[in-house]
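I opened the notebook to record what I looked up in this structure. I wanted the chains, then their contact, then the cores.

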Amino acid sequence: MRTTAIRTTASKSNFAQGLVQNVRELSVLPGLIIVVIIGAIVSPAFLTAANLTLILRQSAELGIVVIGLTFILLTGKLDISLESTVGLAPMVAAWLMIPAAVGGLGTDINPFLAIFITLSIGVGIGLFNGFLVVKLGLDPFIVTLAMLILLRGITLGISEGKTLAGLPDAFRYIGSARWLGVPAAIWVTGILFLIAGLALRYTSWGRALYAIGGNAEAARAAGIRVDFIVISAFVVASALAAFAGLMLAGRLASVTSGMGENLIFSALAAAVIGGVQLTGGQGRMVGALLGVLLLGTLTNVLTLAGVPTFWINAVYGAVILLALLVGRWGARTRR
Amino acid sequence: MSTTTLTNLVPAIEVDGVSRIYGATKALQDVSVSILPGQVHGLIGRNGAGKSTLLRIITGLEHPDTGSVRFFGEDAPPASDPKAWQQRVACVYQRPSVFANLTIAENLFAGRLPQNGATVSWRRMQDEADRILDEWNIHLDPRSLLSDAPIEERQMLTIAKALSAGTRIVLLDEPTVQLEGAAIRRLFDKVQELQDAGVTFVFVSHFLREVTAICDSATVLRDGRVLWSRRGDEIRSDDLVESLLAGQEQRRHRVEDTSASAGSVALKVDAMTDKTGAFTDVSFSIAPGELLAIGGVGGSGKYSVGEAIAGLRRLASGQVTVTGAPIKPGKVKASQRAGVGFVPADRHKDGYVPQLSVAENMTMAVMDQLAPAGFLSPRQQTNMAQTLIKDVALVPPNPKLAVSGLSGGNQQKVVLARALARDPRVLVLISPTAGVDIAAKDAIYALILRALEDGVAVLLISDDIEELLVSKRVLIMREGGIGAELIDPNEEDIVRAIEGME
């Protein structure tokens, strides 16, 4: 019974096979198209170049966090503290740079050094999380929940709740510059998605993430350095989150103590809607990207449609739930 | 024993013409067993003989395709009523299935907690538990967590729980595997005491000595059929040994002459001792092109030895040497680079990644060669997999297929291909043909033979006596050490050595 089913799949053309492989990711597409159509009906402003650019620009930080989160989810782990890293990393750098008069430390460091510090903080947090989860065997949800609260608390403590503005141009560059008329952040996010997608497919590191998420014991027996790879996924994800924080600071031209708050929920939703499994081992960057685009477009459409501000979250949540149900229904019918 | 006076009673358990078929496997064929009240009935047979299926049918976890089960003359409860089954039959497994996170009292009353209206009456439960523990001479506080109790007491508790709930039939499924001598004797004393009180036991064990010591009737299963069923003095250990032998239909894959080049050693294990104590002071060596098999009961440490050579276990002391070079213990990569290929015991647990493709699984251990700078060429990977697929004759020969979609035998071929991908000098195979069909078995043995011809040293560790017979030289492990070395053994030699009945 089983074998006949396999034979029929095997004899299908490569194209059909490719399509079947892509279905899980593509199940986001109808949802995205529907949201776009609704957007076009609701507001003539929706399908303008300026608005579409705005959607992409506003999704950039979410997208970068989703890239990192996807790496971690593929190994079967979780890091919800990424959103606090988005806030803390640029906050520390800004705090060091800003004059004491406006709430900083006034060390007057070089903005490039500040960028380096931002990313290093990401790397450090990732190492710490990875160590706790992998070497001490602690539950990733609880560890990173504690870290989420701790890091957010440090951010608040350093800034004393103030918004740090007056950032040097170099520090703000990546979040505010335009390349060929399009915000640099969009280019960078797109390129990062491309690199991440290729890395998952064409590097032994990427394939190891899938192997570990699929069966960590088998991966170990096959000689994959499971601990090292999982920790590296945490490090890469946190470094990306820190970079997203840098971009966000550039966009807002300031650093606030609430930067990145609640971002992790959208990130998780985007990854899962895009077909990344929380249990590990399954999912692709294409899907995660489509998930990000769906959520970004949705937020935009809800605003344009004039949904009352206080109701936006309820509608947003309902649509995420609907997208998950559609995805699950799609998975069922294919069986 | 008291059995003769009971012959005129209605059987406590009567299994009548039961058959159970899974797909192409006939697990049980027309099995009839009758067990009188107050007996301890031994159930014996090799792996795959149908013991577990029969136990599952008697406990109501599975239902026969044909035939029937009766308890004390009454038809067994319907399949839809697990509670009724539990009232009639209780089963004690080698790992007692209990709630380690709850108190001993709660375990004793799980599913029937004494209540005061809507709330649990802790006082009544603890008083009752105290009484039961006293009666059983178990010196434990019912308020303490079960996880703090030794495994032997947990098994006693399972029996106590069953009997306090009114069950008169207890199945013991290899209850002694995790116990040491004194604990086994205490368990047996209790069993005999209860037997005198009229409780009926079914006792499954691989240890024939235990069967002769405690059982007053026994049934031997072979290939899903009853070979014989006897009472009292008719059960002799020699017959039991013989009954475990496979009979005529066995297929021999004996490796005849393993052109071992004199003097040279491919794998040398020197006074190897496991860090967690799974084995101690194990030494042996294998020449290129030589096959060595290791057998032993579960818990003898035989699998751990293989895992240690593959780098999956840390050593307290000792040394593993491959083709003259000592390898760093506890590092899989080091073992692989030294030339060790490994097929783990449980392919589902640590053999393959189900949702990944055949190609990915096969090349998983050679990633460092396939992608030296970390960048992988899927085409190269597929090409390598194509070669391996041809080598192991995988069906269907599609490198892109997810391994989860393959049959058991072909999944095992994928795991074997992974071990062969590095061109190993030493192959460590743990139960390589467990749970695969005859055709796949033949194919896997053919691959092992070819590896031997190529001068690979093969270490074959197995539970299956037939599989051990493939090898000319067989080591038998007992309690973490090498208990016997057999040259050119027959089945009986192996069974005797494993049972410690030389």
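The entries below go chain by chain, then to the contact and the cores.

Entry 1: I am working from a predicted model. I keep that in mind throughout.

**Entry 2: chain A.** I looked up the secondary structure first. Chain A has 15 helices and 4 strands. Next I took its extent. The C-alpha trace spans about 75 × 55 × 35 Å along the principal axes. Then I looked at burial. In chain A, 48% of the 335 residues count as buried. I also looked at contacts between residues at least 6 apart in sequence. Of these, 78% in chain A join residues at least 24 apart.

**Entry 3: chain B.** I ran the same list here. I found 18 helices and 22 strands in chain B. Its C-alpha trace spans about 70 × 55 × 45 Å along the principal axes. The radius of gyration of chain B is 25 Å; for 502 residues a compact globule would come near 23 Å, so this agrees too. Buried residues account for 47% of the 502 residues. For contacts in chain B between residues at least 6 apart in sequence, 69% join residues at least 24 apart.

**Entry 4: the largest nonpolar core.** I counted 185 residues in it. Which members touch the most others? They are A:Val65, A:Ala267 and B:Val458. Helix H12 of chain A (residues 226-252) gives the most to this core, with 19 residues. In chain B, domain 2 (251-339 + 422-502) and domain 3 (353-419) both give residues, so the core lies between them.

**Entry 5: around A:Ala267.** I set aside neighbours within four places in sequence. A:Ala267 is then in contact with A:Leu62, A:Val65, A:Val66, A:Leu69 and A:Leu82. A:Val65 was already on my list of members that touch the most others.

**Entry 6: a second core.** I found a separate core of 62 residues. Its members include B:Leu36, B:Ala129, B:Leu133 and B:Ala149.

How values were computed:
Residues numbered from 1 in each chain as written. Chains lettered and ligands numbered in written order. Predicted model: local features only at pLDDT ≥ 70, side-chain atom pairs only at ≥ 80, totals over all residues. Helix = DSSP H or I, 4+ residues; strand = E, 2+ residues; numbered from the N terminus. Buried ≥ 20, exposed ≤ 12 C-beta atoms within 10 Å, placed from the backbone. Contact = placed C-beta atoms within 7 Å. Rg over C-alpha atoms; globule rule 2.2 N^0.38 Å. Core = buried A, V, L, I, M, F, W, Y, C linked by C-beta atoms within 7 Å. Domains from an automatic or database assignment.
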